[in-house]
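Colleague: Hello! I am new to this structure, and I would like to learn how to read aromatic rings and surface charges in it. Could you take me through them?

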Amino acid sequence: MHLHARIFISSLLLFSALAVPAVAQPNVDILDIQPRQFGAAQAFPLAAPSSTGDRSFEISLDAQIRNNEPDAVSISGADLVFGAGFTPSTASLFNNLMMQCGGGSVTAVTTSAVIQPGQTCRLLLTDDPRLTPWVPEWVTLNLFFNGEDQKPVTETFQTVVYANDQPRGGFLFPASVDDLAEGEFWSTRSTGIANSHRQSARQMFSYDAGVVRWDDATSAWVDRHPLSDGETNNGDENQDWLVWGKPIYAMADGVVVSCTDGIADNVPGVRGNTSNSFVIDHGDERASYLHLMQNTTNGAICFAGANVQAGDFLGLAGNSGWSTAPHLHIHIDRSGQGFPLLFRDTFIVERDGFTDPQGNADWQYVDGLGMPWEVLAIWPSPLRRRDRLVVAPGSDLEILDLSSDTVVTAMKDAGGNLDVRTFGRIGNGDLVDLEVDGGGGFKQVAMAKPSVTTDFVTAVRTNTDNLKMIAWNSNLDRDSSWTAGPVTDVAITPSPHLPGVVTATRSSAGNLEVIGWDVSPWNDLQKGGKDQGVAVSDVAIATGSNFAGVVTASRSSGGKLVIDSWEVAENEVLVDWRDQWVGGDITDVEIAYLRTLPGRDRLVTAARTAAGNLLVTAWDVYADGSILEVSQAGAGPVSDFSISDGGDFHVLTAVRTASGDFKLIGWEIAVDGTISRHGEAPGGAISEVALGKAMFVNPTNRRQAVTAVRDSNGDLRLTSWEVALEPGP
């Protein structure tokens, strides 16, 4: 049984004097159907409009037909026939067929359906049905003609889901979350029923994108700034629009085909002609970026033949060309024929019902898919804030993931005492208070899990500069403790032989000391083996997997980055130094385990260079403890930072920028060690930051990470983040 999506013109055409005499079947050929590639019609894969919605596939097709009759024929309708089980949407702004003949204008078939002898016409099937839950292997196009006993002209085409050659099958969204103000989002919708460019073969899958915010005063989404004092109009000047002046970036690597600049921007409401623009070949697809602001295009690449890298700045969003208000127009084509534009590394949610930009909406991750028909709020990053919880005043923050649904924080409260708290992380990212406990005054605290349970150990530098080890259960009961000698810095990591932990400290003499601690199943602490290194002024530590030991990162007395490997025996009874690597000048350092590769462990350090910039370095530690520096990548200046495992081939860094603001940055680290930035998310003003691991959390089945910051009010603020950093090669 078949489902038909039928499109018919006015019945008045049945009586047209131009209709041909009745024949068994008119001699009309369906020459082609577009977009088509390798002989197959292309279905447009659409993301679900929210995490609770359904993915769908859009069929947007144009047919090329030729009249071989000696007389004119009059087309009366058309339908597309799919296999059983498909549900095309009937909602559309294009309720009728449209046709373009002989290079003329596109007209609605309801007013003119005549195809002259020998004429070739483009027939637009503009109802654009949306299919769920999959795409049929074929689609049949039937054309119906005026006249008695006319049989339809029929052609069947293979149908496949469109895919491109970009990483993970999608382009980057051509904007950055870093350029959005608090509460702002990009917004657009798919082609389908809302695309005013559907009549153009080249632009039939285009997007017009702008920036929106939720306005509490009117309880509505708006695309303009609030009125200033004394203003009576809003929108009659370009600078009234939120999108005006937003930076636009290249969606992929490519080569510039053409670049236009110097065209004056339009007054809102008055349409121009030529647009400031970039046209860039991104492999087999050519992208057009239109309506850029006058004199803002990137002069370094504004010429034909210029090489472009993904993320390169192109220009500012403006209002030049065929435009009546500031926005960005983007589309892709292959040899003049429009093809679906698919995105990756982007979150979307349907704006209808999403009225709290600070809230935890049902965001849907887009990875190699097109934008759905619904009107959307768009967050162009694979890192998206889920929930935020302000707790209490505190400083010297530490955070640890006890499980996928529980995190623990340790900090110094307003009185200078130890404050330890647990928080629940619900599947959608919501954070809730669970337990709180405390202790006496201290100078520094670090935390680690000694086993796969939710127990944990704190390593505390007391006010008297002694090291105090405390074993806790998840109810924040103290199970045991141990006081050791004086230290001036402390870090802690799980032992490679669970249950147990290993500390790295700076002794009172200024030397690096690595100590093993056995933790019994009853959470009793026992001090194990110890080894000593060179003089240091900052210490960090992480656990290997292939290498049966730990790796420390420290700042030497001469200010150099030093990486050491230490073998740890069963029950932590022996700690023995194995290898060392000395790097460049730094002021602070942290280290995180990334993953196990054949014969080695991959670890990553984050350090602040002598110039104040963030430096990320990948290291390989082999089974015998030997160390190899693999690669480095830098970022801008930071005043505080934290690093953790981001899952698969990624790490996360949470930083306090030079301006004092929070930023979460994802880094992809390939097998060969190549490091590249992969997503970011901004935040408000902070003075301190700590970061937990990216853990798989149900029911989203995606990783989430929690950051702990000291905000501008001096409070501990927890934030949960959805981490959509897909596996690397």
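Modeller: Gladly! Start with a cluster built from ring pairs: Phe185, Trp214, Trp221, Phe354, Trp363 and Trp379 are linked in this way. Keep in mind that this is a predicted model.

Colleague: How many aromatic pairs does a search of the whole structure find?

Modeller: The search gives 18 aromatic pairs. Take Phe185 and Phe354: the ring centres are 5.9 Å apart and the planes stand at 70 degrees, so this pair is edge-to-face, since that label needs over 60 degrees.

Colleague: Where in the chain do Phe185 and Phe354 lie?

Modeller: Phe185 belongs to strand S16 (residues 184-187), while Phe354 sits in the loop between strand S28 (346-350) and strand S29 (364-366), so the pair ties together parts 169 residues apart in sequence. Phe354 also forms an edge-to-face pair with Trp363, at 5.4 Å centre to centre and 75 degrees between the planes.

Colleague: Are Phe354 and Trp363 buried or exposed?

Modeller: Buried means under 20% relative accessible area. Phe354 has 6% relative accessibility, so it counts as buried, and Trp363, at 2%, is buried too. Phe185 is likewise buried.

Colleague: Now the charges, please. Which residues form the negative surface patch?

Modeller: That patch consists of Glu435, Asp437, Asp477, Asp479 and Asp524. One of them, Asp477, is found in the loop between strand S37 (466-472) and strand S38 (478-494).

Terms used: Residues are numbered from 1 along each chain as its sequence is written. This is a predicted model: local features need pLDDT of at least 70, side-chain atom pairs count only at pLDDT 80 or more; totals for chains, interfaces and linings use all residues. Side-chain values use heavy atoms; hydrogens and water are left out. Patches are made of residues with over 30% relative accessible area and no salt bridge: like charges are joined within 9 Å, nonpolar side chains (Val, Leu, Ile, Met, Phe, Trp, Tyr) within 5 Å. Accessible areas come from the Shrake-Rupley method with a 1.4 Å probe; for residues, only the protein chains shown count as cover. A salt bridge is a side-chain nitrogen of Lys or Arg within 4 Å of a carboxyl oxygen of Asp or Glu. Lys and Arg count as positive and Asp and Glu as negative; His and the chain ends are not counted. The place of a charge is taken as NZ of Lys, CZ of Arg, CG of Asp or CD of Glu. Helices (H or I, at least four residues) and strands (E, at least two) are DSSP runs, numbered from the N terminus. Rings of Phe, Tyr and Trp (its six-membered ring) pair if their centres lie within 6.5 Å; planes under 30 degrees apart count as stacked, over 60 as edge-to-face and the rest as tilted. Buried means under 20% relative accessible area, exposed over 50%, partly exposed in between (1.4 Å probe, protein chains only).
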